[in-house]
Amino acid sequence: MNLVVSGRMFVHHYPLDETGRTFRDFEKLTSDRLTFLVTSEVCFTKALYDPDIPKGSLLTTVKGGYIGNTSFNSHSLMKTESDELLVSNINQVVSIDMETRRPKPLPDWWKRKYEESAKRFQPYKLEKFPRAESTSIYHVKVAWSDTDMNNHATWSAYVRYAKDAAHHAFRTGSLSKFEENLENGISKIQSHYLGECLEGDELTVYIWEDVQENYHLRCHIDKDKECIFQTIFSFFS
């Protein structure tokens, strides 16, 4: 996930020519606003887990996706030099006003410029799910190394908290299928970012196995008793 975001950051901020313009005019678009990640889907192929497939050099490609009134998404692919797909990712972000911290409509000039290519794509939405009555509980404090340039916990930090909580739950006697599922490999991570947290914040991580789906693990993270993140891990069978 960190490799994917590094590729996307490069694509969005590296000048394409002497004018300084960037991919999808991202620098200009974000000059007067922030973007907040709302939903994400990261899919992994079995090739990622195959030690016989060389991964010394990877190619990440990024393309623009759906454009709405206040939100848009992008699509990333990570492949080997031999064109073997390892990871695919959809990230949906919302445009945020720097002062009010509320959603801010995307500028008309930008929507007009890219609306035609955006018609091929759909928004990536996830519904909030209820926390199970019986869960394993894990506590974590956000460290400096978990944060990004805006001092917020990174998108991958939340997923790592969930995975750490799952390992802890397995060692303490719950999540009986976790280690077995993990050996088969994670096939998909679907994440819903509902809030934010900073260095020093204390979080409560609730983790449980989906009783209706043998290969699903669900997680719900609270800060000050308010849910700020949910994720579903899917495993290969």
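How exposed is Arg 131, and what is its relative accessible area? Arg 131 is partly exposed, with a relative accessible area of 40%, where buried means under 20%, exposed over 50% and partly exposed in between (1.4 Å probe, protein chains only). The model is predicted, so that local features need pLDDT of at least 70 and side-chain atom pairs count only at pLDDT 80 or more, whereas totals for chains, interfaces and linings use all residues. Residues are numbered from 1 along each chain as its sequence is written, and side-chain values use heavy atoms, with hydrogens and water left out.

**View 1. The open sheet of nine strands.** The strands follow the order S2-S3-S4-S1-S6-S9-S8-S7-S5, with antiparallel pairing; strands (E, at least two residues) and helices (H or I, at least four) are DSSP runs numbered from the N terminus, and two strands pair if DSSP finds at least two bridges between them. Because strand S2 (58-67) and S5 stand at the edges with a single partner strand each, one side of each is left without a neighbour in the sheet. Neighbouring strands are turned by 20 degrees against each other on average, direction ignored. S6 and strand S9 (residues 226-235) pair in the antiparallel sense over seven bridges, and Ile 186 stands opposite Phe 235 in S9.

**View 2. Helices on the sheet.** H3 packs on the sheet and touches S2 and strand S3 (71-80), its direction making about 110 degrees with that of S2; axes are lines fitted to C-alpha atoms, for helices over the stretch in contact, and angles run from 0 to 180 degrees between N-to-C directions. H4 also packs on the sheet, touching strand S1 (34-44), S4, S5, S6, S7, S8 and S9, and its direction makes about 60 degrees with that of S7.

**View 3. The largest nonpolar core.** This core has 46 residues, and those with the most contacts inside it are Ile 207 and Ile 221; a nonpolar core is a set of buried Ala, Val, Leu, Ile, Met, Phe, Trp, Tyr and Cys residues joined through side-chain atoms within 4.5 Å. Helix H4 (residues 155-171) gives the most to the core, with nine residues. Leaving out residues up to four places away in sequence, Ile 207 touches, among others, Thr 135, Ala 162, Leu 175 and Leu 217, contact meaning heavy atoms within 4.5 Å.

**View 4. Ser 136 in strand S5.** Ser 136 is found in strand S5 (residues 136-141) and, at 13% relative accessibility, counts as buried. Apart from neighbours within four places in sequence, Ser 136 is in contact with Ala 169, Ser 174, Val 205, Tyr 206 and Ile 207.

View 5. The side chains of Asp 222 and Arg 131 meet in a salt bridge (3.6 Å, N to O), defined as a side-chain nitrogen of Lys or Arg within 4 Å of a carboxyl oxygen of Asp or Glu. Asp 222 lies in strand S8 (residues 216-223) and Arg 131 in the loop between H3 and S5, so the pair ties together parts that are 91 residues apart in sequence; Asp 222, at 7% relative accessibility, counts as buried. Asp 201 forms a salt bridge with Lys 223, with the closest N and O atoms 3.4 Å apart, and this pair links the loop between S6 and S7 to strand S8, 22 residues apart.
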